[in-house]
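Let's take a walk through this model together, going from domains to chain contacts and then into the core. Keep the viewer open as you read.

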Amino acid sequence: MKLLFERSVSGRRSDLLGSCDVEYAALPEEFARKNPPALPEMSEVDVSRHYTELNQQVHGVNSGFYPLGSCTMKYNPRVDEDMAALQGFTGIHPLAPKDAVQGCQEVLDTAAGYLCEITGMDGMTFQPAAGAHGEFTGVMLIKQYHEKRGDSARKKIIVPDSAHGTNPATAVMCGFEVVNIPSAPNGCIDLEALQAVLGDDTAGLMLTNPNTVGIFDENILEITRLVHEAGGLCYYDGANLNAVMGIVRPGDMGFDCIHLNLHKTFATPHGGGGPGACAVGCKEFLKEFLPHSALMEGGDSIQVRSFSGNFLVVVRALTYLLTLGREGVPEAARNAVLNANYLMEQIKGTFVPAFDRVCMHEFVLDLSSYKKETGVSALDVAKSLIDYGMHPPTMYFPLIVHEALMLEPTETESKETLDEAAAVFRKLYELGFRDPEFMHNAPHNAPIGRPDEVQASRKPVLRWKKEQ
Amino acid sequence: MSYVPSTAEQRKEMLSALGMENWKELYTDVPEAMLVEELDLPEGMSELEVSRKVSGMAAKNKVFGTVLRGAGAYDHYIPSIVRAVTSKEEFLTAYTPYQAEMSQGVLQYIFEYQTMICELTGMDVANASVYDGATAAAEAAAMCRTRKRSVTLISAAANPDVINTVRTYCYGTGDELRIVPARDGKTDAEELQKMLTEDVSCFYVQQPNFFGQLEDADKLGEMVHEAGAMYVMGCNPISLGIMKTPADCGADIAVGEGQPLGMPMGFGGPYLGFMATTAKHMRKLPGRIVGETVDSEGSRCYVLALQAREQHIRREKASSNICSNESLCALTAAVYMAAMGPEGLAEAARQSMAKAHYLADALTAVNGVDLVYTGPFFHEFVTTLPESEKVLQALENAGILGGLPLEDGTVLWCATEKASRAEMDRAASIVKEVLEA
Amino acid sequence: MNFPAELKYSKSHEWVSMDGDVAVIGISDFAQDALGDVVFINLPEVGDDVAAGDPFGDIESVKAVSDLISPVSGTVCAVNEDLLDAPELVNQDPYEAWIIKVENISDEEEMLDAAAYEAFCAEEAE
């Protein structure tokens, strides 16, 4: 496909602004730009066709099955988009006077109230813009709490080895040392390993539950009790809340603060990698440490970005919550779990689940023995799925399973979709024995073949340049 | 309604395929005492009902026909093509382009966006975006730190939300932030000189600054480099249509709030943090970066490049935890820039500057209203304003969002190309009426 | 797999050869094979102090990163800047593509000779 710049024609433009009805002001020479930026020069129809062509080479949730584990690629309702596009929201300046933004405040307060009810928390902020940003915010609550108490020896954050990479990276951004603990053979927290590292230097534990292998840790109350007894706090990574929303609350599990990815659990679109939005919730005793905007609210609290967060994403999430309501929230969770278990059951007998037991909203296949037998890797299977119009599952995560494929179907897929997907998996399983070479070279019907990622990182070309 | 397509009958079939009779068997790992009986939420709604409910909330806000306030969120004209493109369902509902074969469209628009940010700033490389201008500044400061140099300097004339965000990130890692005072609405160069000690990693300046004033960016940059520190500039992207690039001012890293490039004010977000740097610092850039390569057939294509910098690989050794960024906002900015072109962007900048100067003249023609700072400005400026509360209320009553009252009693005004001469005349006459009544 | 007899090896898969008082350090054939296509190497600067058993840099493949561990304590007196432009040299000839040179050596880790290292690698590969 041509790049924008390759479609540019010198002198082509649209009249978008019209002429200026006041006299131009002179920009002093020393501040002036030497040459205009080489942006493309296009008519509106060029722009429209260019992006239509690009959009045709994108697989979205609306295009087909998207079982990308740990990302909760559920359907994004269109009414949520319509609500976020209302001028009564889009046209609001974040620093408009309070009496002019009552509707925005109602959105934030209502959404916070509902999410507190779902999670068992007492306070909620929407300032963070994404999950990792929420982790940063949440762990900063833990940091402030210990510091305010003068408990300065608490320098360590415990993270299980099955955790998302953001957990350890976040702990370091908050000035903590990371203590990785190995998982038990069932993929859950190894209580002995946990006890061995708990102590006066424990600031807290970061935990995803259900965890990254899709299992609800049945020892959760014991885990949070042990951490609290050692004087640490418990942080809930809400990446997998979709399995349990309305069923069980992180607050009741013993967690002190949490983050929720509104773009996962609450159906706001992922946008090709953002904008997301994140709610960070906490128990009463941590509320004083929540972030605020210096410009909007003043004070000397922490602040993790401008203003009050990705507000228009919160509008979408609230619309979704209102639509689902009391019954719909747990119904979504139950069906997410049902769909995952059903899909796993249909695949069984071919690819092997890493943990052969009831799962939550996602499960992990372990292809290491399959690879030994056929030479076909998890990557080969993932790429082969593309030829069937299915987005591949998450690959090679969590790190505790080798040759991992992690599938999360979500509740918005029908039984027929799951049956078809399972049939494709079974077919590919067979194909690996018959024609591994074909799978090594997959995909065969995609717009491009496998890209050369080595070259992309060895000799990075990160922008377009006119050929000299 | 929960958007679950399977019928009750199908759900039963699926359960029985699992050898289960009811859904509770799916949750046997959850201690029974912890199960929630019923959520205290309202009943679910139909699409019509929810639409009525949420529209009702929107109606409680006041949309101002004229916006003369900026301070980090700007009311620029958004061409219609922008929303038409960004609401396409595939762009909207895809995730991060991990699987290049299924997401060339996303990868290519990010590559194009990176190129445009490089063009705008004059820098060599840009990332796929971060959350907003404030986090971009904080991430830039983190890029500059070394074992020997860990102190961040920031100008007091930067946006307070940016300063506070950078302060929070510094507090996180335990690094020090020092604020360089402002004099006459600009960074105090003499103070900066004194503060550029050997432990300083970087200095951040905003151009145009929070008060709208144009900083002597070249001079500040020279001082910073002489002291062996890195120079970070936070820039307004519309102003870059006509203003000297951060690269030409000597910046090592250019960042900024991308909201003016086609994003609505939206009560604060989603916005867009752009980040660009020199080739030398390419591998220190946080976040996603798209690179060009070839596929198995040798055809040009795009992939996520330099991934070994990132948290999913480096874990606790990663310099940032960022993964999801603001991809759709980067698309928004790219479509905006493509629609405007170099001339359109320059015109938006020229008109914004022209309107702000017209507004400043009209306001300062009123007795008691004077410019507080006298240096050249772009599209924001600070005035004295007696009885500011009363004046701003009168403007509000007339559907005009006036300037932002600052802590010292002055008011920060802004005008963009959207403000018409008639609207600004009207605003000035209301100010006059109130003050001369 | 190649294990030149004249070199010493660390258990973290670096090789060392002594050039007078200067230790020349690289990574072994076994290590480059395990990493796959090397795309970048984060090098220290000349004049940096390194300590035996501590990382002095890291080496990236497309989807992994590994610390480079110094087998000796001393001061970096040279870094192989060719690797910045051509990291693939480490894959092509790991024993030619030295990474750093260290002088003023004050301490060193226990190292293996070629035969012992080969046996160690065979065990790791299991």
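How many residues of domain 1 of chain A are in contact with domain 2 of chain A? Before the answer, a word on what you are looking at: this is a predicted model. In chain A, domain 1 covers 78–322 and domain 2 covers 329–445. Their C-alpha centres lie 29 Å apart. The contact between them brings 19 residues of domain 1 of chain A together with 18 residues of domain 2 of chain A. On the domain 1 side, those residues are 9 nonpolar, 9 polar and 1 charged.

Chain B has a division of its own, with domain 1 made of two pieces, 66–76 + 341–436, and domain 2 spanning 80–335. Here the C-alpha centres are 28 Å apart, and the contact draws 22 residues from domain 1 of chain B and 19 residues from domain 2 of chain B. Which elements give two or more residues to the domain 1 side? They are α11 and β13 (380–383) of chain B. The largest share, 6 residues, belongs to α11(B). By class, this side of domain 1 of chain B holds 14 nonpolar, 5 polar and 3 charged residues.

Now let's turn to contacts between chains. Between chain A and chain B, 171 residues of chain A and 167 residues of chain B take part. On the chain A side, α12(A) provides the largest share, with 23 residues. That side of chain A divides into 95 nonpolar, 48 polar and 28 charged residues. For chain C and chain B, the contact takes 7 residues from chain C and 5 residues from chain B. The side of chain C that touches chain B has 5 nonpolar and 2 charged residues, and no polar ones.

The crossing of α12(A) and α15(A) is right-handed. To find the contact in your viewer, select Asn339(A), Tyr342(A), Leu343(A), Gln346(A) and Ile347(A) on α12(A), and Leu418(A), Asp419(A), Ala421(A), Ala422(A) and Phe425(A) on α15(A). Sorted by class, the residues of this helix contact are 7 nonpolar, 2 polar and 1 charged.

Another helix of chain A to visit is α7, residues 166–173, where 8 of its 8 residues are buried. Among them are Thr166(A), Asn167(A) and Pro168(A), as well as Val172(A) and Met173(A). Just after α7(A), Gly175(A) has a positive phi of about 85 degrees.

Finally, we come to the core. In soluble globular proteins, nonpolar side chains tend to be buried together. In this model, the largest nonpolar core has 350 residues. Those with the most contacts inside it are Tyr235(A) and Val314(A) from chain A, together with Ala141(B), Val232(B), Val335(B) and Leu359(B) from chain B. What is Leu359(B) in contact with, leaving aside its neighbours within four places in sequence? Its partners are Leu68(B), Trp413(B), Ala415(B), Ala419(B) and Met424(B).

How values were computed
Residues are numbered from 1 along each chain as its sequence is written. Chains are lettered from A and ligands numbered from 1 in the order in which they are written. This is a predicted model: local features need pLDDT of at least 70, side-chain atom pairs count only at pLDDT 80 or more; totals for chains, interfaces and linings use all residues. A nonpolar core is a set of buried Ala, Val, Leu, Ile, Met, Phe, Trp, Tyr and Cys residues joined through C-beta atoms within 7 Å. A residue is buried if 20 or more other C-beta atoms lie within 10 Å of its own, exposed if 12 or fewer, and partly exposed in between; C-beta atoms are placed from the backbone. Two residues are in contact if their C-beta atoms, placed from the backbone, lie within 7 Å. A crossing is left-handed if the near helix is turned anticlockwise from the far one by less than a right angle, and right-handed if clockwise. Helices (H or I, at least four residues) and strands (E, at least two) are DSSP runs, numbered from the N terminus. Ala, Val, Leu, Ile, Met, Phe, Trp, Tyr, Cys and Pro count as nonpolar, Asp, Glu, Lys and Arg as charged, and the others, Gly among them, as polar. Domain bounds come from an automatic or database domain assignment.
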